[in-house]
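The sequence and structure come first.

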Amino acid sequence: MVKLWRAATWLVVGSVVSGCVNPYLERQLQQQQLQRQAIAEREQIESECANYGVDPRTEALSGKVPLTLAEANAPPALAQLTDNNKASAKEKAALIALEEVRGPCIQRMFAWAGRYLPPAAVSLFEQAQTNGKLLRARLYAGEITYGEWHRATYEAQTRFKTALADLDASLQQQALAAQHAYAAQQQAAALQQQAAAAQLQNALQYFQLQNQSYYQSLPATPITTRCYRVGQSVNCQSW
């Protein structure tokens, strides 16, 4: 769990709802803000949990299992992968103590995931945590060696990262399909507006032609002319 949660930061987060004209632009801006906030909180937790497993009660596990974030984020060494020793009684007691010591940091990481990651990603984290606990239980019970534990843990982490990548690809496809649907909806609305405007223009032209035809069909107005003589001049007026 400790060494895997960083891989999921780019999945932040799914469910931003917007009512603006362009919800995808608004959603992108909100996601960027959430990502910055998520990264800041993650880095704070990493700083405060850098030595999450270091405790006098876990000294027997030093070099056997990761006790710090630096050790957890590094791939297992060859000597660790080929370690055929099983946990001793002292190391078993240290494994029990490790569960208690690492608990607060694990809880903080789960709380972070619940705030910022999609439910599907949180579910993957829960599965990874459960699988890790089962492997530690097998190590404690003496069913597997330290080398087997490191190999099984590394393989589980690889599957986890693959599942995260598949989830990200699925979310990206869903977002792209939604964006295309929105663009098609906007284009259809624009075409409808254009069609309505064309219909209105055609109606105006029709009424103009009708009015013109009407006035042209009216009979010509009669003209009255009246003339009168003033001295030697004759003046006429028409109306």
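## Aromatic pairs

Phe 125 and Phe 160 are both buried, where buried means under 20% relative accessible area, exposed over 50% and partly exposed in between (1.4 Å probe, protein chains only). The model is predicted: local features need pLDDT of at least 70, side-chain atom pairs count only at pLDDT 80 or more, and totals for chains, interfaces and linings use all residues. Residues are numbered from 1 along each chain as its sequence is written, and side-chain values use heavy atoms, with hydrogens and water left out.

A search of the whole structure gives 2 aromatic pairs. Rings of Phe, Tyr and Trp (its six-membered ring) pair if their centres lie within 6.5 Å; planes under 30 degrees apart count as stacked, over 60 as edge-to-face and the rest as tilted. The pair of Trp 112 and Tyr 116 is tilted, because the ring centres are 6.0 Å apart and the planes stand at 50°. These two residues are 4 apart in helix α4 (residues 89-116), so about one helical turn separates them. Trp 112 is buried at 0% relative accessible area, and Tyr 116 is buried at 3%. The pair of Phe 125 and Phe 160 is edge-to-face, with 5.1 Å between centres and 65° between planes. This pair links distant parts of the chain, 35 residues apart: Phe 125 is in helix α5 (residues 119-141) and Phe 160 in helix α6 (residues 146-217). Helices (H or I, at least four residues) and strands (E, at least two) are DSSP runs, numbered from the N terminus.

The expected span of a helix is 1.5 Å times one less than its number of residues. For the 28 residues of α4 this gives 40 Å, which agrees with the 40 Å between its end C-alpha atoms.

Just after α5, Gly 142 has a positive phi of about 80°.

## Nonpolar cores

A nonpolar core is a set of buried Ala, Val, Leu, Ile, Met, Phe, Trp, Tyr and Cys residues joined through side-chain atoms within 4.5 Å. The largest has 21 residues, and Tyr 52, Trp 112, Ala 113, Leu 117 and Phe 160 have the most contacts inside it. α1 (23-48), α2 (69-73), α4, α5 and α6 each give two or more residues to this core, and α4 gives the most, with 6. Another core, of 12 residues, lies apart from it and includes Leu 61 and Leu 135.

## Salt bridges

There are 8 salt bridges, each a side-chain nitrogen of Lys or Arg within 4 Å of a carboxyl oxygen of Asp or Glu. Arg 42 and Glu 46 form one at 3.6 Å, N to O, and both are buried.

Arg 57 and Glu 100 form another at 3.3 Å. Arg 57 lies in the loop between α1 and α2 and Glu 100 in helix α4, so this pair ties together parts 43 residues apart in sequence. Arg 57 is partly exposed at 43%, while Glu 100 is exposed at 54%. Asp 55 joins Arg 57 and Glu 100 in a network of salt bridges.
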